[in-house]
Amino acid sequence: MSATRSKALNLLPPMAMLAFSIGFLGWAYTYGERAQQMPVLVGWIMSVLCALDVVASSRTRAGNLVRALFAGTRVDRGAVKGTGKPIARSVVSILWPTAFISLVAVFGFLPVIPVYVFLFVVLQGRKSVRQGLAAATFTTALTFVLFKLALGYEVYQGLLFSG
């Protein structure tokens, strides 16, 4: 397979996602003024991230720079084949969002977000308690300001606190 063909095939998935994102954004603008706020926000964020993915997948100098800027550390580093560690890590990675959704259903977003973010940063991310507190505070404040104040949404309060 030629290098040009390989490069083109490498760009297909991010280009398809970018096209989907732009279509989603266009569709979001067809909603009423209040109903479109959140879908438009998601559509713009998704479009920007997909555009960055297209650039990162382009195998150009700019693409390499973007890829290096956003590259993270692999979670499975050091796992030995046959030890069961990748499976355990997969189970743990499924349990975190499952626990979040379950806790939100019972307690609501605002009480769960700081606890979840703190525990995730400290336990899963193996960061300091100080970093966990900072991440939890920032995420909770951002959620409150964005949804409650800026968009005027009534944030889900959970089964326990919904009255």
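Helices (H or I, at least four residues) and strands (E, at least two) are taken here as DSSP runs, numbered from the N terminus. The model is a predicted one, so local features need pLDDT of at least 70 and side-chain atom pairs count only at pLDDT 80 or more, while totals for chains, interfaces and linings use all residues. Residues are numbered from 1 along each chain as its sequence is written, and side-chain values use heavy atoms, with hydrogens and water left out.

On these terms the protein contains seven helices and zero strands. Read from the N terminus, its elements follow the order α-α-α-α-α-α-α. Of its 163 residues, 20% count as buried, where buried means under 20% relative accessible area, exposed means over 50%, and partly exposed covers the values in between (1.4 Å probe, protein chains only).

Helix packing comes next. Two packed helices are described by the angle between their axes and the distance between the axes. Axes are lines fitted to C-alpha atoms, for helices over the stretch in contact, and angles run from 0 to 180 degrees between N-to-C directions. For helix H5 (residues 109–124) and helix H6 (residues 129–150), the axes come within 8 Å and cross at roughly 150°. That angle makes H5 roughly antiparallel to H6; the classes are roughly parallel under 35 degrees, roughly antiparallel over 145, roughly perpendicular from 65 to 115, and oblique for the rest. The crossing of H5 and H6 is right-handed. A crossing is called left-handed if the near helix is turned anticlockwise from the far one by less than a right angle, and right-handed if clockwise.

A second pair is formed by H2 and H3, whose axes lie 6 Å apart at an angle of about 120°. H2 and H3 are therefore oblique to each other, and H2 passes H3 in a left-handed crossing.

Most residues other than glycine have a negative phi, and most peptide bonds are trans. Arg-59 has a positive phi near 60° without being a glycine. Arg-59 sits in the loop between helix H2 (37–57) and helix H3 (61–70), and with 45% relative accessibility it counts as partly exposed. Arg-126, also not a glycine, has a positive phi of about 55°. Its place is the loop between H5 and H6, and at 71% relative accessibility Arg-126 counts as exposed.

Several residue pairs can be followed from one part of the chain to another. Val-42, in helix H2, is partly exposed with a relative accessible area of 36%. Between Val-42 and Phe-24 there are 18 residues of sequence separation and 9.0 Å in space, C-alpha to C-alpha. Ile-101 belongs to helix H4 and is exposed, with a relative accessible area of 58%. Its C-alpha atom is separated by 9.4 Å from that of Val-112, eleven residues apart along the chain. In helix H6 lies Ala-135, which is partly exposed at a relative accessible area of 23%. Ala-135 and Phe-120 are 15 residues apart in sequence, with 9.8 Å from C-alpha to C-alpha.

Helix H4 (85–107) and helix H7 (158–161) each supply at least two residues of the nonpolar patch, and H4 gives the most, with three residues.

Charged contacts complete the picture. A search of the whole structure finds one salt bridge, defined as a side-chain nitrogen of Lys or Arg within 4 Å of a carboxyl oxygen of Asp or Glu. The side chains of Lys-148 and Glu-154 form this contact at 3.3 Å, N to O. Lys-148 counts as partly exposed at 29% relative accessibility, whereas Glu-154 is exposed, with a relative accessible area of 57%.
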